[in-house]
Amino acid sequence: MQGIAPPKPLTYLLGYLWVAGVFYHLRVLDDLKDRENDIKAYPNRILSRGLVTYRQLLITGVVVVAVETLVAARS
């Protein structure tokens with residue numbers, strides 16, 4: 001197609017960040033959902049040992065969803 005400019009590199013970067021954010025927040029939701037089972041089944045995991053708390057995980061998930069929203073609104 002002639003007359004249509006290709007996307008700028010920033011657009012590709014934002015798209016990549018958005019997709020990575022979606023996968024991250026899905027992982028966060030899964031870890032929060034399976035909290036009790038993971039503690040029993042995987043006691044050596046970072047979350048199960050308490051090196052990263054579920055509250056910290058929740059906060060990062062909320063921040064990522066907010067960034068995803070801002071990126072999507074820019075498009």
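Me: Where does Asp 38 lie, and why is Asp 38 called buried?

Reply: Asp 38 sits in helix H2, a helix being a DSSP run of H or I with at least four residues, numbered from the N terminus. Buried means under 20% relative accessible area, exposed means over 50%, and partly exposed lies in between, with a 1.4 Å probe and protein chains only; the relative accessibility of Asp 38 is 10%, and Asp 38 therefore counts as buried. This is a predicted model, in which local features need pLDDT of at least 70 and side-chain atom pairs count only at pLDDT 80 or more, while totals for chains, interfaces and linings use all residues. Residues are numbered from 1 along each chain as its sequence is written, and side-chain values use heavy atoms, with hydrogens and water left out.

Me: Which residues is Asp 38 in contact with, leaving aside its neighbours within four places in sequence?

Reply: With those neighbours set aside, Asp 38 is in contact (heavy atoms within 4.5 Å) with Asp 31, Pro 43, Arg 45 and Ser 48.

Me: What makes Gly 21 buried or exposed, and which residues does Gly 21 contact beyond four places in sequence?

Reply: Gly 21, which is found in helix H1, has a relative accessible area of 9%, so Gly 21 is buried. Beyond its neighbours within four places in sequence, Gly 21 is in contact with Val 64 and Glu 68, both of which are listed among the buried residues of H4.

Me: How do you know that the span of helix H4 agrees with its number of residues?

Reply: The expected span is 1.5 Å times one less than the number of residues; for the 21 residues of H4 (residues 54–74) this gives 30 Å, and because the end C-alpha atoms are 30 Å apart, the two agree.

Me: Which residues of H4 are buried, and what covers them?

Reply: The buried residues of H4 are Tyr 54, Leu 57, Gly 61, Val 64, Glu 68 and Val 71. They cover an arc (taken from the directions from the helix axis to the C-beta atoms) of only 100 degrees around the axis, and therefore lie on the same side of H4. Their cover includes helix H1 (9–33), helix H2 (35–41) and helix H3 (46–49).

Technical notes:
Helices (H or I, at least four residues) and strands (E, at least two) are DSSP runs, numbered from the N terminus.
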